[in-house]
Amino acid sequence: MALDIQGSLKKTRFNANCYTFLDELFSNALDSFLIRKFKLKEGISLEVNIKIRIDDLDVSDSSQVQQEVSLIFEDNGIGFGEDQINAFVTKDTSYKDSLNIQGLSTCKGSGRMQYFRYFTDLKIESRYKDQEVLKKTKLAVSSDQKSISESDFHIVDCEK
């Protein structure tokens with residue numbers, strides 16, 4: 001299965017609010033936390049950390065200063081395991097809808113496309129437990145990439 005980035009960008013209705021991607025990040029963090037709390041029966045509190053970095057780019061042939069904005073968003077949710085990867089690459093996924101967890105947002109399937117409207121690169125790095133083994137998932141994709149499939153995600157065992 002693959003998510004066609006360019007095709008999805010053409011068909012996704014975008015919100016006029018330029019901060020929609022932040023709403024999506026918070027919504028996904030809360031959903032991921034609720035899933036973790038429900039599945040693992042842990043008494044934990046939601047933690048979210050946001051880091052924003054703005055660098056001036058050296059563009060000597062331009063009279064305008066160009067900037068690169070990096071946004072790092074960290075949460076303590078369930079992590080990006082195989083179920084989440086499958087849902088990510090499935091355009092009209094019903095993953096969250098089928099969990100029946102009180103408080104989860106409704107799944108429209110267009111949230112991940114909001115990131116590509118404002119950013120040229122998307123990197124995901126996640127650590128999570130699979131059974132008792134600690135795993136790390138990584139994905140790096142740019143908006144000029146045609147599609148994202150499950151094979152673009154790299155999962156390895158990690159120590160901490």
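A: First, the term: a salt bridge here is a side-chain nitrogen of Lys or Arg within 4 Å of a carboxyl oxygen of Asp or Glu. Keep in mind that this is a predicted model.

Q: Fine. What is the closest N and O distance between Asp-55 and Arg-53?
A: Their closest N and O atoms are 2.9 Å apart.

Q: Is Arg-53 buried or exposed?
A: Exposed, with a relative accessible area of 53%. Asp-55 is partly exposed, at 24%.

Q: How many salt bridges are there in the whole structure?
A: A search of the whole structure turns up seven.

Q: Which residue does Arg-36 pair with?
A: Glu-42. The closest N and O atoms of that salt bridge are 2.7 Å apart. Arg-36 is partly exposed, with 21% relative accessible area. Glu-42 is partly exposed too, at 27%.

Q: Switching topic. What about Lys-135 and Asp-157?
A: Their side chains form a salt bridge, 2.8 Å from N to O. Lys-135 sits in strand E5, residues 133-142, and Asp-157 in strand E7, residues 154-157. The pair therefore ties together parts that are 22 residues apart in sequence.

Q: And Asp-157, buried or exposed?
A: Asp-157 is exposed, with a relative accessible area of 53%.

Q: Which residues are linked in a network?
A: Glu-125, Arg-127 and Lys-138 are linked by salt bridges.

Q: Why can such side chains pair at all?
A: Opposite charges can pair when the charged atoms come close.

Definitions and conventions:
Residues are numbered from 1 along each chain as its sequence is written. This is a predicted model: local features need pLDDT of at least 70, side-chain atom pairs count only at pLDDT 80 or more; totals for chains, interfaces and linings use all residues. Side-chain values use heavy atoms; hydrogens and water are left out. Buried means under 20% relative accessible area, exposed over 50%, partly exposed in between (1.4 Å probe, protein chains only). Helices (H or I, at least four residues) and strands (E, at least two) are DSSP runs, numbered from the N terminus.
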